[in-house]
Amino acid sequence: MDWNDLRVFLAIARSGSLGAAAKQLGVSHPTVGRRLQALEQLNGQVFFRRTSQGLVLTAAGERILYLAQEMERSALAIERRIAGHSDQPEGLLRISSADWFAGYVLAPVLDALQRRFPLIVPEVIPGHRLFDLSRRDADIAFRIIPFSEPDIVQRRLTTIRYGLYIAEHLDFSPGSEGEGLGLILMNTAQAHYPDVLWLQKRYPRAKTRFTSSSRTVQARMCALGLGVAVLPCVLGDQSPSLKRLDVGEELPGRDIWMGYHQDMRQMDRLRALADLASEMIGGDTAG
């Protein structure tokens, strides 16, 4: 059985449609349809039926799902082992991190990496999505949440300090509970973040004026005078249009975790970045 056909089968099973599977695999919609048809004709079975909710597995599809997943795990393990034993530090290195961390904390590390190993090509994938490192959605990830997935090598790199910021041209004179104050916050999905809870508790009568999951966007809107924002000090302090406010207390900080799959620990280019990150930012409180 052709592994490429099984990859198509798994993509359809996970996404529920030919179009979504095609987008996930980076191929055309007709290609996915042809591969599914070839797989079903080869085995004399129909693996999916069409419903109003999309494509769902038939009993025959259910029977091969686990075996296809096992084949996928084996194929991915082979890819990781091969990638993890390259002869020299060169090639693409996919890095997942928040945009502000990549731009203000990781950038000097990546600059040093390029100077030492010019054949390595870092590719930063910014955002809050928790990539599946076992599937090589990314080779290495930096994030504020510890890794709970199995077989992940992880390290707490540093603790990031946060501060309360306002536009440089504005005065800060809210009421004792924030009357008349505008807040710039993380969006709904990150409403549980310690800085959001701190800001809402500190100024319970302030009004939310803007939300975004991007700290750099928050910083820009803050600089335009839309309201106050809690930002990583490494970002806020380097923004000339912002000033940090003295609120008489330390704001909650966040730990930064670095992680990668254990099968990748011998990949030269990953090891080079991990060592540099540990050397340049590991252990210190950034901000």
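Student: What does the side chain of R269 reach?

Tutor: In this predicted model, the R269 side chain gets to the backbone oxygen of L92 at 2.7 Å. Residues are numbered from 1 along each chain as its sequence is written, side-chain values use heavy atoms, without hydrogens and water, local features need pLDDT of at least 70, and side-chain atom pairs count only at pLDDT 80 or more.

Student: And which helix is R269 in?

Tutor: R269 sits in α9, residues 268–280 (helices are DSSP runs of H or I, at least four residues; strands are runs of E, at least two).

Student: Is R269 buried or exposed?

Tutor: Buried, meaning under 20% relative accessible area with a 1.4 Å probe, protein chains only. R269 has no salt bridge (a Lys or Arg side-chain nitrogen within 4 Å of an Asp or Glu carboxyl oxygen). D139, the nearest side chain of opposite charge, is 5.2 Å away.

Student: Switching to the sheet: what's the strand order?

Tutor: β9-β8-β10-β7-β11, an open sheet with mixed pairing; strands pair if DSSP finds at least two bridges between them.

Student: How does β7 pair with β11?

Tutor: Antiparallel, over 4 bridges, and L164 stands opposite L245 in β11.

Student: Which strands does α6 lie across?

Tutor: Helix α6 (194–202) lies across β7, β8 and β10, at about 170° to β8. That angle is between N-to-C directions, from 0 to 180 degrees, using axes fitted to C-alpha atoms, for helices over the stretch in contact (heavy atoms within 4.5 Å).

How values were computed. Buried < 20%, exposed > 50% of the residue type's maximum accessible area, 1.4 Å probe, protein only. Lys, Arg positive; Asp, Glu negative; His and termini not counted. Polar contact = N/O pair within 3.5 Å; in protein donor to acceptor, adjacent residues only side chain to side chain.
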